[in-house]
Amino acid sequence: MSSPSSIQHPGAVKVQAGMSRETVEGEIGPSFPIYFDSNGHTLFGWFQGPPAAFLADVGLVICKPFGYEAICAHRSLRAFADAAAALGVPSLRLDYLGTGDSAPIDLEADQVEVWRRDVAAAAAELRRRTGVRRVCLLGVRLGGLLATLATDECGESTPLVLIAPVVSGRRYVRDLRTTRLAALMGMNVSPESPGASSGSMEVSGFTLSAATLAALAQVDLKTRAAPATSSVLLMDGKNMPGAAAWAQQLSELGVRTTYSALPGLIGMIMTPPQSAAIPLEMVATFETWLRDLVSAVPARPNAGYMQSRSAASELMTLRSDGFAHRGDPLTERPMFFGHDSAVFGIVTEPRPGEIRRRAVIMLNAGADVHVGVNGMNVTLARQWASRGYVVLRMDLAGLGDSLKRSGQADNEVFPETALDDMRAALQLVRDRYAVADVTLFGLCSGAYHALRAAAAGLAVSRILMVNPQNYFWKTGMHLDDLQVAEVVRNPAVYRQRLTSRAAWKRLISGKVDIARIAKIYMARPLLAVGSALRDAARWGGVRLRYDLGRELEEIDARGVKIVFVFARDEPGIDLLKIEAGSSLRRLGERCRVRIIDDADHVFSHSGPRATLQDILSEELFARSTAISFAPLPNKVEKELLG
Amino acid sequence: MTVRDTIVAQFEQVAVEQRRKLARLSDETKLLDSGLDSLSFALIVARLEDALGLDPFDTTDDVKFPTTFGDFVQLYEKHPG
């Protein structure tokens, strides 16, 4: 087990190894999850307190953008919270109802109206916990619109920080519709989401109800009265000054408005989490603006507000009527664990009295936060817990809501300490829930980590791996490096281009990366040769490094069930054939491979995603308990490779 | 600057911003093979509305996203505006 020398909050404050979490919080300020009520529903939020001895009399509620933008923006929003804490400003970033780790929402609800009230409830909660008199709202994209609409309920003169806010709901919906249309290109999936309410729209795996779309069509901030705010900091993307005209209008209406068009928006909200970048100029501009705001009100001793933690309810009880199997309510329990308490996760607990001791541990997909792609981990965790499983959705250290260890690269998808974190998760479910049967589940890099855990001999019963794109990762590699998956995927494309006159023209003109193509061409035959050599070595009893076939056979020999699930066009399928070679034939049914048609890498369409969830549930329940299970849809193909 | 030139410029600009490798654009280039993703196309369409003053996807009709770059350009060139 490696022993990191220190852990580091993403805000960049370092603390030493061996410190308790309480000591860490003394250095960087308290930072912990909370649950709070919003109109009878339970919301999840993250409280970040200031490290200083004095608390500003200003708090900050952070309103996320919608859908995929929120997943991408996760780290950046933490950076804004850290910047606020450094100025003595406590913050609360909330998950709106039906998003993130909050309770589910009625699929017919007008999300704009519900979420606007959620923002107001968060402001009230922040006041209650800290005693601050003024609450500032920071909103990104749709969160900016919600924050603006919520000012009326948040008290007079609520300061606003708006980042590329949605000004016209109609235009926003149109942008989402374009995204959706483009995402459906070349896919044979129904535009209608199974189980969704009529007239709703699913975009990148996240759904807006018909009522929401109708409400958005009516919202245009330019035609409304000025919000109840004393001052506004409005930051647009540098190349997308969508709110410039409204900012001008606010100024003319007498609202003190600071407007900037700054770089960093695309890197913050439209770039996959593993590559997303914190918009440093925006954070710096926010700091300057907030410092002025804070200096206008006297600071006061913060004794007392820290106690709000012990008084907080750190559990959420979920009514189970929204799940597949109705019954007793479920409980969700957030916790930090691991030897340095750096790893964060949320456990969904089955009903009290559940006697089957089974657990699923869910791993990050890429650098997505623990809610999983499209929030799928939350949905599955609640479904599976309602059927008796303890389900932990966790963030590896350095990802999502976990802490980063000193020396660890920022936002690292394949950290060296992943095994330690998974070992700690296993220990947690065993010690706390007396679980004997543990399944590791992961998509993409999460699948890789699940495989590595089983190969390393961690005591798991089953590994559920969805769309792995690599089976080995060597220290020093970077995501931008040539991936073996690309070698598998691209030769046919390059072969076609060899016959193209245009391609030759580009080659001559130097517009083609010859070295990269050569690398791809050279790697492919090497893979085939390597596969044959590994088969021969296995046959001769010789152990080689990076032998996936041998690893799978050894995992199987320990009684671990192996399940791969792939979208039809995933390069990981061919890679599995090449790297595992003859072992796949020997393993037969003991290494299950399931293929799903018309799915993309992250199952962003609800139809294929529902199929995936059925398959995963079948593997968990039908295969372990011999309970009969409904037949799978026709589109699902079950096939063995080899 | 022609409509086509404007569109090409936006494809190139968004590819740079999104750190994506843009394929060579010809009329036959399939948008799926262009190197851009759905979010990139949404950005392009939004920017083209600002640049050209029209959005062919802003309709209640059941519009489908074009398959090739040529179809995409034609959608803008033939739009009544």
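Colleague: What share of the contacts in chain A with a separation of 6 or more comes from residues 24 or more positions apart?

Modeller: This is a predicted model, and the contacts counted here in chain A are those with a separation of 6 or more. Within that set, residues 24 or more positions apart account for 73%.

Colleague: How much of chain A is made up of buried residues?

Modeller: Chain A has 21 helices and 25 strands, and it exposes about 25100 Å², of which carbon and sulfur atoms supply 52%. A residue is called buried if its relative accessible area is under 20%. Of the 642 residues in chain A, the buried ones make up 59%.

Colleague: Why do the buried residues of α7(A) line one face of the helix?

Modeller: Helix α7 of chain A spans residues 244–252, and its buried residues are A:Trp246, A:Ala247 and A:Leu250. In view down the axis of α7(A), these residues line one face because they fall within an arc of 105°.

Colleague: Which exposed residues does α7(A) carry on the face turned away from its buried side?

Modeller: The buried residues of α7(A) are covered by elements of chain A that include α4 (142–150), β9 (160–163), β12 (231–237) and β13 (256–262). On the face turned away from that buried side, the exposed residues are A:Ala245 and A:Glu252.

Key. Residues are numbered from 1 along each chain as its sequence is written. Chains are lettered from A and ligands numbered from 1 in the order in which they are written. This is a predicted model: local features need pLDDT of at least 70, side-chain atom pairs count only at pLDDT 80 or more; totals for chains, interfaces and linings use all residues. Side-chain values use heavy atoms; hydrogens and water are left out. Buried means under 20% relative accessible area, exposed over 50%, partly exposed in between (1.4 Å probe, protein chains only). Helices (H or I, at least four residues) and strands (E, at least two) are DSSP runs, numbered from the N terminus. The arc is that of the directions from the helix axis to the C-beta atoms. Contact means heavy atoms within 4.5 Å. Accessible areas come from the Shrake-Rupley method with a 1.4 Å probe; for residues, only the protein chains shown count as cover.
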